[in-house]
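Good morning, and thank you for joining.

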Amino acid sequence: MSMLSDSLIDVTPRSATSLVERCCVRIDQALVALAESMRVLRSRRNGLARISCLPLDILVTIFRHFESFENHTSTSRHRGAPICLILTHVCKQWRQLALDCPTLWIYISCVSPRWLGVMLERSKDAHLVATYHAPVSLRGCLEPVLSHLPRIKVLRICSVSPDVDRIVELLSSQPALSLQIFEFTVIGTVHHSLMPISDTIFQGQVPLLQSVELVLCSLSWTWSIFSGLRSLSVRGTTGALPTPAQLLSTLRYMPDLEQLTLQSLSTTFWDTGLCDKVPLTRLKSMALDIGAAQTVVSLFECLVLPAGVRVALYISQIEGSQSFSDLFSAMDRASDGPSPVVRSLRAIRISNNGFVVQFNTSMAFKSHHYYSWNPADDNIPLSIQFTCNPLAHVQPTIIFELCRIASQGRIHSMFLELLYDLPELFWRTGSAGLLDLHVIRISRNSIRGLIDALSIDDIQASVVAYPSLRVLELEGINFGDHEAEDLQHAIKQRAECGAHIHKLRLTGCIKNLTVDQVRLLEEAGVNVDWDGHDEETCADPGRHRYAPGRLF
């Protein structure tokens, strides 16, 4: 009120109209002045914040990292405004900094057409990272972005099948001179034949392309345009499956390939007698899901691979151990050097006739979740997921046959998960080829067969199963009647024969096991590590269902 003149201080709503109007005008002017003063003060105060001490180049780097991390999720908040736009409304310094930095505007997530023009304009000539996901408007979002195709560095498209032909036409309209990563996924039901991806895409000019991932696309399999690729992933196709000649021809164009994934491409066996081998001397990892074992064997017969390449395989209709013998023979012939020394085995039963077997160069697997697997782990040179022909009556002991072929019995640790009731014969079969085994860990299995195999009776006193076994880990085991006592007896027998088990680890939901029984186990001379009853694990057995990860 002190900002009003004395003549206006006493004005009330009952005063003359002219006085009321003059008073309102003066008050509005005073409010504007106060708002400006507050703005200046806030700006001054913000200028004293510690973050204002940061050099501008560091602040820009922070903005870029934040934008890169948030660009896929930020549009669901802030009414669809990209993070870089929000930064322009913080303070004058940040606004000018953002407007002067084109690379801050390069993450084009085609979700909000409202801001698309702003992003494209303010990014100027900088290389773009563009993402499109249906059902966002093709015409309103993707078409304007693809008009800038020559400066797109990373392009990820997820489209429904009716839009695929139009998208392929747009991708074929201009060269992609800056493109390094290209991903194209088709979702939903495909009701018609799709325009194939061929050498006409990008007008045949994509000199910097290094990585391609195609999911359920139609492919021509004549890709000289992709000759410089470092990574190729093809996960299914809506077109014709490749012939062996087409597949080898495609790989021949990619001598610098480092990662190869072919998934859900069940091609057929072919005669490799007259096949010219395809050298992939820089390959670091490959994941194959191309059908039966003989088809995989045929492919390896036609390749030259460097030593130490990581391999993940999905194979159907395994007939028996001979299938693996042929497979490993072909892999050895394809490899230009010795195989890595594996030290541990992990086997998971995923169905009555399905298994996952992994070999690791270290003594343990990184993941402690026994209901999933990660073949992309650097320490895992070989992962095989396979299903057996039900008519072949393949037994779980095929795991040991596979181990014998792959590792020549050099395994020191064995992890068996979800194999359920394994009889004594299973364990004794494994012992015959695993004399150096130090660690056994089993999860969610019956242990009666293992206890019987570890026991030593008068008839077999000279035969000790797993003579080098020192550590036994039981996870999620439900002890049956007298099994704790029988395990204690077996541990004592082994100690008397010099085959000591030094450590027994009991973790997870272990029913029918008491503190007194654990004490008896300790009295047998073994170090027992027991976490008691885990009620949370007991309450939700479904949490341990097998859930396969992506191959790579």
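Of the 552 residues in the protein, 47% are buried, that is, under 20% relative accessible area, where exposed is over 50%, partly exposed is in between, the probe is 1.4 Å and protein chains only are counted. The model is a predicted one, in which local features need pLDDT of at least 70, side-chain atom pairs count only at pLDDT 80 or more, and totals for chains, interfaces and linings use all residues. Numbering runs from 1 along each chain as its sequence is written, and side-chain values use heavy atoms, with hydrogens and water left out.

The protein has 17 helices and 22 strands; these are DSSP runs, H or I of at least four residues for helices and E of at least two for strands, numbered from the N terminus. Taking contact to mean heavy atoms within 4.5 Å, 69% of the contacts between residues at least 6 apart in sequence join residues at least 24 apart.

I turn to the pockets. A pocket is an open set of points on a 1 Å grid over the protein atoms alone, where a 1.4 Å probe fits, with protein on both sides within 12 Å along at least five of seven lines; lining residues have an atom within 4 Å of a point. Volume is the space filled by probe spheres set on the points, which are joined across faces, edges and corners.

The largest pocket has about 400 Å³ and 22 lining residues, with Phe328, Met331, Asp332, Ser339 and Pro340 nearest its centre. Two or more lining residues come from each of β10 (303–306), α11 and α12 (398–407), and α11 gives the most, with three. The lining comprises 16 nonpolar, four polar and two charged residues. Here Ala, Val, Leu, Ile, Met, Phe, Trp, Tyr, Cys and Pro count as nonpolar, Asp, Glu, Lys and Arg as charged, and the others, Gly among them, as polar.

The second largest pocket holds about 340 Å³. Its lining has 13 residues, including Ser43 and Lys92, and divides into five nonpolar, five polar and three charged. Helix α2 (17–47) gives the most to that lining, with five residues.

Finally, consider Phe324, in helix α11 (residues 321–334). Why does Phe324 count as buried? Because its relative accessibility is 0%. Leaving aside residues up to four places away in sequence, Phe324 touches Ile318, Ile384, Phe386, Ile398, Leu402 and Ile405. The C-alpha atoms of Phe324 and Leu402 are 6.6 Å apart, although 78 residues separate the two along the chain.
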